[in-house]
Structures are given as C-alpha cells and as structure tokens.
Amino acid sequence: MKPNPFIRLIILLLTVIGLLGGGCRKAFLAQKPSTNLLVPNSLSVLQELLDNTQVMNISPALGEVSADNFYFLQATYNQLDTKESNAYIWAQDIYDGQGLVSDWDIPYQQVFYANTVLQGLAGIQPDSTDQAEWNMLKGWALFNRAFAFFNIAELFARPYDSVSAATDLGIPIRLSPDINEKTTRATLEASYVQILNDLNTAEGLLPTTVPVNNLNRPSRPAALALKARIFLSVRDYVDALINADSALQAYPTLLDYNTLDTGGPFPVQKNMPEILYQSTFPQIGNGNALVGFGCSGCVIDTNLIASYAPNDLRRSIYYFQRAVDTFILKGSYAASIFPFSGLATDELYLIRAECYARDSQTTNALNDLNFLLSNRWRTGTYTAYSIASASEALDTILIERRKELAFRGIRWSDLRRLNQEGWDIILNRFINGQHYSLSWSDSNLFTLPIPPDVIQFSHIQQNPR
C-alpha cells in the first residue's frame with residue numbers, strides 16, 4: 001500500500017522537531033507551520049499514526065542499563081555511547097553535553113502522535129457506523145499517552161512518595177500537539193493523576209477482547225494491566241491488587257513453558273496468548289547493547305542465573321550459555337533480539353500475589369505464585385511452596401518476580417520502590433579496575449537527569465544529582 005502523504009509529513013516533522021518535550025528546534029519554530037497541516041481528519045489516517053509500531057511500541061532502555069540484571073564486559077563497555085556508559089556507572093552527568101536522548105524523545109514523540117490523534121478525533125463527528133472505531137482510536141491514543149508519560153516518569157521524576165508528591169517535580173504533561181505550547185513540569189502528583197485519568201477513560205473505550213493478531217494495539221485488559229503496574233510502582237498495593245485481579249478475571253491465560261522449544265533462538269513467539277500488549281526496547285548505543293545474541297559482552301548477573309533451579313525452564317528459555325558461568329540474553333516475548341517491555345499475564349499474577357502477601361492473604365498469594373511456577377518448571381518436577389508467614393511469602397514472591405520479569409524494563413522501577421521501603425538493595429559495578437556502588441543513600445541517582453538540550457530550549461528545572 002502506498003504510504004499516506006500525511007503520514008510522511010508527520011514523520012518528517014517529527015524528525016525535524018526531535019520532540020524535546022516542548023523544546024523544539026528554534027529554526028523549526030521560526031517557520032511557524034500551519035496547524036491545519038498537523039491534524040488529520042479521517043479515522044483511517046489516525047489509525048495509521050497509532051499503528052506505527054516503530055514509534056508507538058518502544059519503551060526506554062536506560063533504566064535497564066542502570067539496573068542489576070546484567071553487567072558489561074570491559075570491551076563491550078568501551079564501545080558504548082556516552083550516555084549508556086555513564087548511566088551504567090550512575091555518573092553525576094550521564095550525557096556529557098549530548099542531546100537527542102531517545103529515552104526522552106521517543107516517549108514524547110508517542111505523546112505527540114497521541115495528541116494529534118485526539119485532536120483529529122475531536123474534529124470528527126462519528127455516526128452509528130463508525131462510533132466503535134472512533135471509541136477504539138480514542139482509547140488507544142489515551143493508552144499510548146499514559147504509557148509514554150509513565151515511562152518518562154519512571155526515569156526522569158523522583159520515585160513517588162505520597163507525602164511529598166504534591167510538591168515534588170514530575171514531568172511535562174503535554175495535552176496538545178501544538179509544538180509552540182510552553183513546556184513546564186507538573187508536580188509528581190499531577191503527573192500521575194493525568195496518567196491514571198487517561199487510563200481510566202481508555203478502559204471504558206477500548207475493546208474488551210485482546211487483539212491476539214495485533215498486539216501493538218491495546219485492549220481493556222491491557223489498560224487494567226498497565227494500571228496495576230503503575231499502582232505497584234507508586235506503592236498503592238490496594239489498587240494494584242484491584243486492577244491486577246480485574247485484568248486476570250478478564251484474561252487469565254498463562255503459557256505452559258513445557259510446550260515451548262527451549263533449544264530455539266526465540267522460544268516464545270511474538271503473538272503468544274500470554275501477551276496483552278507488545279512493546280520493546282529500542283536499539284541503543286552501537287546497536288549491540290541488550291540485544292540478545294547480538295551482545296556477547298552483556299553477561300547476565302551471576303546471582304540471578306544461580307537463582308534458577310535446574311528444572312526451572314526459564315533459564316534455558318530466557319538465556320543462552322556461552323561459556324562456563326557466562327550467560328547472555330537469548331530472546332524475549334518480542335520474539336526478536338530486542339527485549340520485551342510490554343504487558344503480559346505473568347506480571348499480573350506476580351503483582352496480585354505480592355499484593356495478597358502484603359495484605360496477609362498468604363494462601364491467595366501462594367495460589368498465584370504456585371500456579372505461575374507450575375507452568376514454568378518441567379512437568380512433574382515442581383513442588384509447591386507452602387509458607388505460613390506473609391512476610392516470608394512476600395520475600396519469595398519478590399525473588400520470583402525478579403527471575404520471571406528480568407529484562408522487561410521493570411527492575412529499575414522495583415529498585416526505586418523497594419529501596420523506599422527499606423529493602424537496602426545495593427548495586428555494584430567493576431569497570432576499568434574501579435568499583436562503583438549505588439545505594440539508597442544516593443537516592444538522587446535513582447532519578448535520571450533531564451537531557452541538556454531539553455533544559456536549553458525549555459528552561460525547565462533540572463533534577464538534582
């Protein structure tokens with residue numbers, strides 16, 4: 001099919017703008033493009049914008065680089081782009097003057113697309129023949145905007161604390177495609193209110209069934225799953241439980257790993273029924289970091305590898321052994337060399353289990369955990385956990401959470417919230433003969449600085465480091 005000329009125009013504009021969250025290029029601003037060029041007026045064109053998976057289904061990767069699931073061999077580290085090598089050792093200045101940071105630019109590009117769609121929909125009066133499509137597109141755009149805002153907040157805003165959220169700085173909340181709109185940082189509380197408002201509206205508009213052949217498109221269960229992830233990240237365990245349970249009531253499907261080919265390069269295929277929404281990390285650095293077989297120098301943390309029992313199929317499905325005690329990432333639910341960062345039901349079972357344990361509902365917590373693990377171990381080898389203590393159940397669930405959800409873009413968020421609760425998880429690096437360590441005593445380092453070009457053009461306040 002011939003590309004729509006409007007789509008080409010939008011992509012060209014986005015390339016020129018760079019979408020710095022409000023700090024667009026001065027030369028481009030001087031041209032003052034006509035607003036009517038930016039607002040399509042047909043549902044089919046709006047769908048094309050949202051179906052652009054190379055923009056809309058990408059999640060930031062610097063959190064994974066900063067977390068503790070893997071380490072770089074020295075030779076690979078030496079080839080990294082400046083921002084990745086500095087994020088890896090939690091440097092004070094991770095950009096060294098570099099701009100065009102994809103972890104900021106891509107989510108705000110998604111916000112621009114979503115806002116363009118929402119403005120376009122506002123100019124279209126649906127009738128009985130296209131009301132369902134109009135509703136779906138609006139829900140889709142709101143879901144994408146919420147997902148983008150949340151991903152930005154998890155990197156570039158402080159970890160959520162209900163005591164200080166009303167005054168802590170959040171992120172720029174852009175609700176219009178107008179590139180001339182002034183950029184300001186909302187409070188952290190206002191940022192999450194907007195994210196959840198978008199998802200609450202999307203939930204009532206999106207299809208109730210998961211589009212298993214088009215998992216780049218969200219559904220109502222996906223919206224509920226994203227809400228569960230968000231509530232967990234802000235330590236609202238009551239609402240995390242409610243939304244995880246609602247999503248699982250609507251879509252409880254879980255894969256039995258015994259049905260997968262553990263010897264294949266990508267044992268889990270892209271449209272496996274456990275997946276609710278498809279998203280991946282972008283290519284970062286020189287194209288080799290965090291990309292499975294393409295990164296022989298990205299070695300899985302030895303403690304993480306050692307935590308998998310011999311009959312736990314996850315080790316052979318998630319990882320490839322290159323040498324003695326050396327494992328690299330094998331593949332993911334994206335069925336590609338780029339790790340999966342979307343939504344799936346295994347995460348929901350773990351969220352629900354964790355929240356049950358925190359509420360002292362130990363039996364329910366273990367039921368979810370044992371159901372998940374019975375589908376992860378070789379048939380007939382799994383012995384169910386039997387734990388009386390809610391606190392011990394919580395410890396066990398968090399261990400299994402890390403093992404199940406490694407390389408999903410979730411670990412950095414977990415480190416932020418768990419260290420707020422006193423878990424005292426310390427990260428260590430050894431590079432060029434030097435030891436680097438990150439603990440919660442350096443809590444400012446768990447929030448990335450805003451890229452320097454964004455600060456230059458928008459003049460918003462920088463994060464302390």
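Me: Which residues lie nearest the centre of the second largest cavity?

Reply: In this predicted model, the second largest cavity has a volume of about 150 Å³. Its lining divides by class into eleven nonpolar, two polar and two charged residues. Of the 15 residues that line the second largest cavity, those that lie nearest its centre are Tyr318, Gly331, Ser332, Tyr333 and Arg408.

Me: How many cavities of 30 Å³ or more does a search of the whole structure find, and what space lies in the largest cavity?

Reply: Rolling a probe the size of a water molecule over the atoms shows where empty space is left. Searched over the whole structure, the model holds eight cavities of 30 Å³ or more. In the largest cavity, the space comes to about 270 Å³.

Me: Which helix supplies the largest share of the lining of the largest cavity?

Reply: The largest cavity is lined by 23 residues, with Asn151, Glu154, Gly409, Ile410 and Ser413 nearest its centre, and by class the lining comprises ten nonpolar, seven polar and six charged residues. At least two lining residues come from each of α5 (62–66), α9, α11 (220–233) and α18 (411–420). The largest share, five residues, is supplied by α9.

Me: Is α3 roughly parallel or roughly antiparallel to α9?

Reply: Helix α3 (residues 43–50) packs against helix α9 (residues 131–156) with their axes 11 Å apart and at an angle of about 30°. Angles under 35 degrees count as roughly parallel, and therefore α3 is, relative to α9, roughly parallel.

Me: Which residues of α9 are met by α3?

Reply: The crossing in which α3 passes α9 is left-handed. The residues of this contact divide into eight nonpolar, two polar and one charged. From α3, the residues taking part are Leu43, Leu46, Gln47 and Leu50, and those they meet in α9 are Glu133, Trp134, Met136, Leu137, Trp140, Ala141 and Asn144.

Me: How many charged residues has the contact of α11 with α15?

Reply: In the left-handed crossing of α11 and α15, Ala225, Ala228, Arg229 and Leu232 of α11 meet Glu347, Leu348, Ile351, Glu354 and Cys355 of α15. By class, this contact has six nonpolar residues and no polar ones, and the number of charged residues is three.

Definitions and conventions
Residues numbered from 1 in each chain as written. Predicted model: local features only at pLDDT ≥ 70, side-chain atom pairs only at ≥ 80, totals over all residues. Heavy atoms only, no water. Axes fitted to C-alpha atoms, helices over the stretch in contact; angles between N-to-C directions. Helix = DSSP H or I, 4+ residues; strand = E, 2+ residues; numbered from the N terminus. Parallel < 35°, antiparallel > 145°, perpendicular 65-115°, else oblique. Left-handed = near helix turned anticlockwise from the far one by under 90°. Contact = heavy atoms within 4.5 Å. Nonpolar A, V, L, I, M, F, W, Y, C, P; charged D, E, K, R; others polar. 1 Å grid on protein atoms, 1.4 Å probe; cavity = no way out; pocket = protein on both sides within 12 Å on 5 of 7 lines; lining within 4 Å. Points joined across faces, edges and corners; volume = space filled by probe spheres on them.
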